[in-house]
Amino acid sequence: MLTAPQLLYCGGETVLPPQLLSDIRLDGILSPQALCFLQKPCGGDEILRRQELFGLVEDEKVLGRLKICLSNLLKLERSLMLWHSEKVPLNSYYLYSDVLSDYVNVCESLSAFEDCGQSLSEVSEYFLSDERRRFFSEIKTDLGRISELLGKINSGLLSFSSKNWITPDRGAVIESDKIASVAQKLGFTVPVRKKSDTKPDITFSDAVCRLYFAEIGEIGSIFRKYASVDFNEPTGYIPQIRFILEIYELTRKAEKIGVPHCIAEISPVPGYFAADVYDISLMAKECERIIPNDVDFTETNRFFFLTGANGGGKTTYLRAVGINLV
């Protein structure tokens with residue numbers, strides 16, 4: 001079975017110790033989730049892959065789609081959490097319906113990158129396959145039927161004084177609404193009644209399921225069709241998209257204080273060459289001006305003595321070298 005392609009691949013067994021990232025103060029400008037990706041050094045292919053992604057995010061259209069996608073993913077994650085933690089059957093039916101709806105929205109937003117470079121296009125193609133399109137269409141059809149059934153059940157549920165009531169009368173009106181209607185006809189101003197957030201308990205749920213036995217049975221049979229679906233699969237993109245967007249936002253913050261950024265080239269020989277390197281950890285101190293320096297390390301010139309007075313910038317230089325290399 002095909003698995004969803006990743007946006008970011010963290011290959012290799014090498015993992016930088018958290019203390020290293022802390023020493024160069026990356027933990028002051030990036031979240032722990034972003035640092036997890038930076039802890040695992042990439043090979044050349046993955047570096048090029050990420051550079052493509054960072055270049056694509058410069059396009060407002062791609063940036064907007066990624067933000068929408070992340071928002072939908074977070075909504076799905078929350079729906080799944082609520083559904084898994086719910087113990088009352090009646091409530092779980094409504095929550096499972098939300099999961100199905102949010103799952104389709106997420107998959108459709110993930111399929112909206114067909115014209116956005118190789119990495120994003122691979123994800124888009126996975127969610128645009130004919131098999132998945134048929135699957136999403138089936139879910140949408142079932143969601144329509146589920147909505148009808150839940151609406152039918154809901155028309156027999158009333159709330160009054162923070163208590164739930166059941167009635168098979170589709171046109172039933174609770175006492176407070178009858179009083180409000182009479183009051184309005186007499187010319188009184190009636191305040192808007194607050195919607196009750198009271199959730200049915202297990203006893204109430206059992207009563208509703210018995211009263212609407214046929215409807216509950218049909219809803220259950222529809223849900224069983226999707227028992228083997230891994231609704232969590234798309235949520236794996238949450239940390240990946242967050243990382244991409246966080247790095248993008250970091251470059252925007254740097255630009256505001258005059259610190260430019262560029263896409264680095266992979267050197268054909270072992271070495272580290274950079275002009276005008278900045279220590280961007282100083283942004284955490286709200287520095288308005290950061291002094292750049294050059295880096296020129298080769299295999300033949302690998303060690304240097306860095307000297308100078310206390311407070312002269314030796315540590316800042318070393319931190320700049322470390323941050324830009326990571």
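Is F243 buried or exposed in this model? With a relative accessible area of 3%, F243 is buried (under 20% relative accessible area, with exposed meaning over 50% and partly exposed in between, for a 1.4 Å probe and protein chains only). The model is predicted, so that local features need pLDDT of at least 70 and side-chain atom pairs count only at pLDDT 80 or more, whereas totals for chains, interfaces and linings use all residues. Residues are numbered from 1 along each chain as its sequence is written, and side-chain values use heavy atoms, hydrogens and water being left out.

A search of the whole structure returns 14 aromatic pairs, where rings of Phe, Tyr and Trp (its six-membered ring) pair if their centres lie within 6.5 Å. In one of them, F37 and F243 are tilted, at 5.0 Å centre to centre and 35° between the planes (under 30 degrees counts as stacked, over 60 as edge-to-face and the rest as tilted). This pair links distant parts of the chain, 206 residues apart, with F37 in helix α2 (residues 32-38) and F243 in helix α11 (residues 237-256); helices are DSSP runs of H or I of at least four residues, numbered from the N terminus. F37 is also buried, with a relative accessible area of 11%.

Helix α11 also meets helix α4 (residues 60-85), their axes coming within 10 Å and crossing at roughly 140°, the axes being lines fitted to C-alpha atoms over the stretch in contact and the angles running from 0 to 180 degrees between N-to-C directions. Helix α4 is therefore oblique to α11, given that angles under 35 degrees count as roughly parallel, over 145 as roughly antiparallel, 65 to 115 as roughly perpendicular and the rest as oblique.

Methods: Helix = DSSP H or I, 4+ residues; strand = E, 2+ residues; numbered from the N terminus.
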